[in-house]
Amino acid sequence: MTSRRRERRFSSAHAIAIAALFFALGGGAYAAVTSLPANSVGTKQLQNRSVTPAKLSRSAASPRLTAKQKKEIKKLVKTFAVRGPTGPQGPKGDTGPPGSTGPSDVYIGGAAAGSLSGSYAVVASTQVPPGDYLIQAKTDIFNGTTGEGGSGNCEILPELGAGAWDGGSAAFPGIGGQITSASISLAGAASLPSGSTIALACKSNQGSLSFDDARVWATRVGSLHGLPVPID
């Protein structure tokens with residue numbers, strides 16, 4: 001009797017254990033071989049932070065834009081990139097410190113060629129407004145008769161007979177069968193309280209002379225120092 005009862009108890013426990021193992025394995029096997037219906041996994045079935053970036057495909061992690069989406073984005077960019085109307089002009093800046101120089105202006109005048117006489121005559125001139133100026137001039141003088149020597153004088157001045165800013169002379173010998181010439185270059189400076197005419201005037205001291213490429217120019221500067229410049 002005792003051995004049979006023990007045998008029955010062992011058999012019952014053994015049966016229960018086998019049944020439990022069967023259901024445990026059977027349930028897992030069922031889940032492994034059974035596919036889920038489409039669209040059966042949603043927000044309720046997924047736990048928070050259960051899907052990580054490593055488990056996503058490249059296309060899901062970085063979706064590509066379609067051609068239509070790219071076109072719409074470009075359209076939006078153009079819409080918001082339109083330049084608005086120009087605003088009002090700002091106030092004028094402050095005056096620079098004393099001694100500072102602004103942009104310079106050059107005033108120039110000239111003549112291609114002409115004849116000289118024994119009296120001063122304007123061969124080139126330019127009009128300038130009030131201001132401080134560096135003044136320069138140049139011309140070539142040459143003999144009008146082949147083989148004849150000569151000499152001439154030129155000056156730069158505000159107007160004929162009103163006092164020169166600079167003057168100079170040039171001479172050349174006569175060479176048989178040739179036309180000879182000499183160049184005159186002048187420089188001066190002036191502070192003009194009002195608009196003026198700056199002129200280059202020349203004359204012949206000896207010989208029948210002509211001038212060529214006469215030029216006079218005045219460059220307005222910020223300020224001048226050391227005036228007046230002496231001339232002889």
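**A salt bridge and an open sheet**

Arg220 counts as partly exposed, at 25% relative accessibility. In this predicted model, Arg220 forms a salt bridge with Asp105, and the closest N and O atoms of the two are 2.7 Å apart. Asp105 is likewise described as partly exposed, with a relative accessible area of 30%. Both assignments follow from the cut-offs, because a residue is called buried under 20% and exposed over 50%, with partly exposed in between.

Side chains of opposite charge can pair when their charged atoms come close. The count for the model comes to 1 salt bridge.

Attention now turns to the pairing of strands. Strands of a sheet pair through backbone hydrogen bonds, either parallel or antiparallel. Here, an open sheet is built of 4 strands in the order 2-7-4-5, and its pairing is antiparallel. At the edges of this sheet are strand 2 (121–128) and strand 5 (166–172), each of which pairs on one side only. From one strand to the next, the twist averages 15°.

Within the sheet, strand 4 (residues 150–157) and strand 7 (residues 196–206) run antiparallel and are joined by 7 bridges.

Conventions. Residues are numbered from 1 along each chain as its sequence is written. This is a predicted model: local features need pLDDT of at least 70, side-chain atom pairs count only at pLDDT 80 or more; totals for chains, interfaces and linings use all residues. Side-chain values use heavy atoms; hydrogens and water are left out. Two strands pair if DSSP finds at least two bridges between them. Helices (H or I, at least four residues) and strands (E, at least two) are DSSP runs, numbered from the N terminus. Axes are lines fitted to C-alpha atoms, for helices over the stretch in contact, and angles run from 0 to 180 degrees between N-to-C directions. A salt bridge is a side-chain nitrogen of Lys or Arg within 4 Å of a carboxyl oxygen of Asp or Glu. Buried means under 20% relative accessible area, exposed over 50%, partly exposed in between (1.4 Å probe, protein chains only).
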